[in-house]
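Hello,

Here is the structure I am handing over to you. Please open it first, then read the notes below.

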Amino acid sequence: MPPGRLRERRSEEVAMATLDDIDAMRDDRDVDGLIRALADEDEFVRSQAALSLGTLADPKATEPLERMRNEDPSASVREAAATAYRWVVGRLREVEAAREPKTPPTR
């Protein structure tokens with residue numbers, strides 16, 4: 001299996017990831033793969049996928065992380081998603097602030 005690709009479970013047709021897959025996806029900046037991994041049955045994989053999305057701070061991750069922080073059955077995953085969501089939103093605000101024109105101080 002190529003790094004960063006989710007394994008298919010034939011019996012359940014559910015995508016599965018390992019923590020190594022999550023690391024590879026983060027290193028490859030595979031935001032879509034990490035978003036898919038948020039649905040993994042393993043709460044540790046979901047937590048790591050959420051935190052990896054937080055470090056990448058891609059705007060596409062905002063909505064899935066927001067949903068996860070409110071709806072995931074695992075408290076630890078909800079906490080990881082909330083942390084990652086704050087990272088993404090904070091980074092997006094920083095980028096937006098840097099784009100705003102600087103007004104010179106008036107004397």
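**Salt bridges**

The count comes to seven salt bridges, each a side-chain nitrogen of Lys or Arg within 4 Å of a carboxyl oxygen of Asp or Glu. This is a predicted model, where local features need pLDDT of at least 70, side-chain atom pairs count only at pLDDT 80 or more, and totals for chains, interfaces and linings use all residues. Residues are numbered from 1 along each chain as its sequence is written, and side-chain values use heavy atoms, without hydrogens and water.

E94 bridges to R91, with the closest N and O atoms 3.1 Å apart. R91 is partly exposed at 42% relative accessibility (buried is under 20% relative accessible area, exposed over 50%, partly exposed in between; 1.4 Å probe, protein chains only).

Shared partners also join D23, R26 and D27 into one salt-bridge network. D23 to R26 is 3.3 Å between the closest N and O atoms. R26 to D27 is 3.7 Å. D27 is exposed, at 58%.

**Other contacts**

The charged end of R69 sits over the ring of Y85, 3.9 Å from its centre. The rule: NZ of Lys or CZ of Arg within 6 Å of the ring centre and within 35 degrees of the ring normal.

S74 is buried, at 9% relative accessibility. Beyond its neighbours within four places in sequence, S74 is in contact with E43 and R46 (heavy atoms within 4.5 Å).

P59 is exposed, with a relative accessible area of 52%. The C-alpha atoms of P59 and Y85 are 10.0 Å apart.

Best wishes
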